[in-house]
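Subject: Structure handover

Hello,

Here is the structure I said I would pass on. My notes on it follow below.

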Amino acid sequence: MTLLRDIRYPTPSELALAARALADEHPGPARLRRAGTSRAGRPLWLLSVEPSGRPRGAGVLVVAGAHANEPVGGATALALARRVLRDPALRAGRGWHFLLCADPDGAALHRTPRPHSLLDYHRNFFRPPGPEQPEWAPSLLPPDRLPPETRALTALIDELRPVLQVSLHGTDLGGSWVQLTRDIPGLAEPFAKSAAELRIPVETGASDAAGWPSPGPGIFVMPQPGADPGGAFHPEDTRLSTWYHAHRYAGTTAIVEVPMWASDLVDDPAPHPDPRGALRTLAGRLTADAALVARVRDRVPAAPEPGADADADAAALLRAVDWTLALIPRITVEWTGAGAPAEATAAAIGSIDAFGRRLSLRAAAMLLRVLRAQGHPAAPGLDRLVTGWCEEFASRFRARPIPVAAQVEHQTRTVLAAYERLLAEGPDGAAGPGRPGGPDGTVNA
């Protein structure tokens, strides 16, 4: 199979320029509009490809850039838009809408357009704390404190009432997996076929979905609102995220994850000989690693008040460092508590191992950016720590790079497969089996 030529991760401004060019090239079906404004005043751009002929129901909302450190989604959104414009059957009766970057402020601070290694990726790393992430904020903040990016996203869902919402995510190292707010029967087969053709491992024991039902390898169905979360090792409650907002209109949300570097260790279905022992070991290492970062953090003044651009960047980075460090004790309690699994696959333990490594590494990498900008004497020592952790991470998991074009192709195929199979559940996208809808097409969620 011939791939697209390899590409880089586009910035929000590059995404907007490319989307404008598409809209100018296809003035009939394509339209670009501003769907909101970020906290810092940056535009949130929505590219819409309108249906040909009479609309036959709700369409698709594709969300890119919800996590600043996962830049592949913007490239995938553009690739999907181009494919929809080329294929009249895809837009025959249904609109496709692409939110090009849900967090442009975060994307402006995470500056890794073409990382060549894990170390290169972490040199200018940024991931905002949970309350500042557009999709997660509703699970952590009261409604009157939601950031404008979240309000813009939920307003789009209310306006478009999508039959399918897709959130495009990525991971630094591991495999690909899909999280669904409702099962989409038949998705596992094309997902696995695409991953195999593109040499992307399927993450069969994703730590983000621990304890969730899995109708097929790498496919996980989230707990429903009001249900037990299933013991997932996660600080936020997925059931309160914007992913479930589409349920108000009988919609389904799919979160498509793809790795920048692949590891076959997250695709090993063999039973792990001692999951609880392994988790105790991982918790001990994570606690020790976090303590190293915390000792350096204690030598840095509190986050400065936003003012000059440099101060605003430092404040955002330090808020993220503090959020991550505060999260780690909660995670280690989960790993060593009574709810820790007595049985697990090697893939599941590998995924948790990777998750723990990236927590302490991210905190250290973001803190290092602040120290360097300040000329702090602790910067060289922390630099050596970040370098060593990146090298150890890549070596332990035998990391191999996945071309950006392959990441984009896999996400594109998975989105199209989810769309085709979801619409096959009911006539004209009406609520089919497992997709409840009231007389007005809404459900209580």
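In what sense do strand β2 (residues 43–49) and β4 pair, and over how many bridges? The pairing is antiparallel, with 4 bridges between β2 and β4. Please keep in mind throughout that this is a predicted model.

Strands around β4

Helix α2

The helix of that unit has 15 residues and spans 21 Å from its first C-alpha to its last, close to the 21 Å expected at 1.5 Å a residue. Because 12 of its 15 residues are buried, α2 is largely enclosed by the rest of the structure. Among the buried ones are Val72, Leu78, Leu80, Val84 and Leu85, and the glycines Gly73 and Gly74 are on the list too.

Nonpolar cores

The largest nonpolar core holds 109 residues. Trp96 and Phe98 are among the residues with the most contacts inside it, along with Leu164, Trp335 and Leu367. Helix α9 (residues 346–374) gives the most to this core, contributing 15 residues. There is also a second, separate core of 15 residues, which includes Ala35, Leu44, Leu61 and Ala152.

Aromatic pairs

The count of aromatic pairs is 6. In one of them, the ring centres of tyrosine 121 and tryptophan 261 are 6.3 Å apart and the planes are at 65°, so the pair is edge-to-face. Tyrosine 121 is in helix α4 (residues 118–123) and tryptophan 261 is in strand β8 (residues 252–262), so this pair ties together parts that are 140 residues apart in sequence. Both partners are buried: tyrosine 121 has a relative accessibility of 0%, and tryptophan 261 has 7%.

Phenylalanine 393 and phenylalanine 397 make another pair, with centres 5.5 Å apart and planes at 85°, so it is edge-to-face as well. Phenylalanine 393 counts as buried at 1% relative accessibility, and phenylalanine 397 is buried with a relative accessible area of 1%. The ring of phenylalanine 397 also has the charged end of arginine 396 sitting over it, 5.2 Å from the ring centre.

Two backbone points

Which residues other than glycine have a positive phi? Alanine 250 is one of them, with phi near 60°, and arginine 398 is another, with phi near 50°. Alanine 250 is in the loop between β7 (219–221) and β8, whereas arginine 398 is in the loop between α10 (379–396) and β9 (400–401). Arginine 398, at 60%, counts as exposed because it is over 50%.

Regards

Terms used: Residues numbered from 1 in each chain as written. Predicted model: local features only at pLDDT ≥ 70, side-chain atom pairs only at ≥ 80, totals over all residues. Heavy atoms only, no water. Core = buried A, V, L, I, M, F, W, Y, C linked by side-chain atoms within 4.5 Å. Buried < 20%, exposed > 50% of the residue type's maximum accessible area, 1.4 Å probe, protein only. Pairing = 2+ DSSP bridges. Phe/Tyr/Trp six-rings, centres within 6.5 Å; stacked < 30°, edge-to-face > 60°. Lys NZ or Arg CZ within 6 Å of the ring centre and 35° of its normal. Expected span 1.5 Å × (residues − 1).
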